[in-house]
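Please open the model in a viewer and keep the selection tool at hand.

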Amino acid sequence: MTKPTLQIALALIWKDGCLLISRRPHGAHLAGFWEFPGGKCHADEAATACAEREALEEVGVVCRALALRASIQHEYADRRVVLLPVDCAWQSGEPRPLGALDCAWVRPSELARYEFPPANATLLAELVSIK
């Protein structure tokens with residue numbers, strides 16, 4: 001049986017040198033872990049459009065996609081994911097947990113304090129190195 005491969009856009013929403021993170025809801029894959037707002041790309045949906053859409057749906061924030069980072073592939077026991085990180089600029093809206101347990105603005109240097117899914121390791125290392 002082949003594992004499904006999911007294309008997941010991640011909205012790296014920047015505001016005043018901080019990134020917006022949210023906590024995965026109960027019942028979700030990897031529930032309780034922190035993540036960057038995002039989700040599965042619809043068929044023929046660009047990662048940039050998906051990141052903007054998911055940010056609004058999950059945390060009520062309007063953002064503008066700026067740049068797509070290198071993709072990250074990871075294999076879990078039940079699925080493969082291709083993470084598509086998108087740097088975004090916050091435009092409006094106060095974050096609220098619409099599709100998440102919680103959300104917070106954090107400096108890149110603070111990311112290590114939060115437990116993220118294993119697939120995020122490479123991206124987190126890249127972000128923590130930002131001064």
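Begin by selecting Trp34, a buried residue with a relative accessible area of 11%; buried means under 20% relative accessible area, exposed over 50%, and partly exposed in between (1.4 Å probe, protein chains only). The model is predicted: local features need pLDDT of at least 70 and side-chain atom pairs count only at pLDDT 80 or more, whereas totals for chains, interfaces and linings use all residues. Residues are numbered from 1 along each chain as its sequence is written, and side-chain values use heavy atoms, with hydrogens and water left out.

A search of the whole structure finds two aromatic pairs. Trp34 and Tyr114 form an edge-to-face pair, 5.1 Å centre to centre and with 70° between the planes. Rings of Phe, Tyr and Trp (its six-membered ring) pair if their centres lie within 6.5 Å; planes under 30 degrees apart count as stacked, over 60 as edge-to-face and the rest as tilted. Trp34 belongs to strand S3 (residues 34-35), while Tyr114 lies in the loop between strand S8 (103-106) and helix H2 (121-128), so the pair ties together parts that are 80 residues apart in sequence. Helices (H or I, at least four residues) and strands (E, at least two) are DSSP runs, numbered from the N terminus.

Next, select Phe36 and Phe116. Their ring centres are 5.3 Å apart and their planes stand at 35°, so this pair is tilted. Phe36 is in the loop between S3 and strand S4 (38-40) and Phe116 in the loop between S8 and H2, so this pair also ties together parts that are 80 residues apart in sequence. Phe36 is buried, at 0% relative accessibility, and Phe116 is buried with a relative accessible area of 7%.

Keep Phe36 selected and turn to the nonpolar cores. Which residues have the most contacts inside the largest nonpolar core? They are Phe36 and Leu111, in a core of 19 residues. Such a core is a set of buried Ala, Val, Leu, Ile, Met, Phe, Trp, Tyr and Cys residues joined through side-chain atoms within 4.5 Å. Strand S1 (5-15), strand S2 (18-23), strand S7 (80-92) and H2 are the elements that give two or more residues to this core; S1 gives the most, with four residues. Apart from this core lies another, of 18 residues, including Cys41, Ala65, Leu84 and Cys103.

Now select Ala104, which lies in strand S8. Leaving aside residues up to four places away in sequence, Ala104 touches Leu19, Leu20, Ile21 and Trp34, where contact means heavy atoms within 4.5 Å. The C-alpha atoms of Ala104 and Cys18 are separated by 9.4 Å, although these residues are 86 apart along the chain.

Move to Lys15, which lies over the face of Trp90, at 4.1 Å from the ring centre. A charge sits over a ring if NZ of Lys or CZ of Arg is within 6 Å of the ring centre and within 35 degrees of the ring normal.

Finally, display the whole protein chain. Two helices and eight strands are present, in the pattern β-β-β-β-α-β-β-β-β-α along the sequence. The C-alpha atoms fill a box of roughly 45 × 30 × 30 Å, taken along the principal axes. Buried residues make up 44% of the 131 residues.
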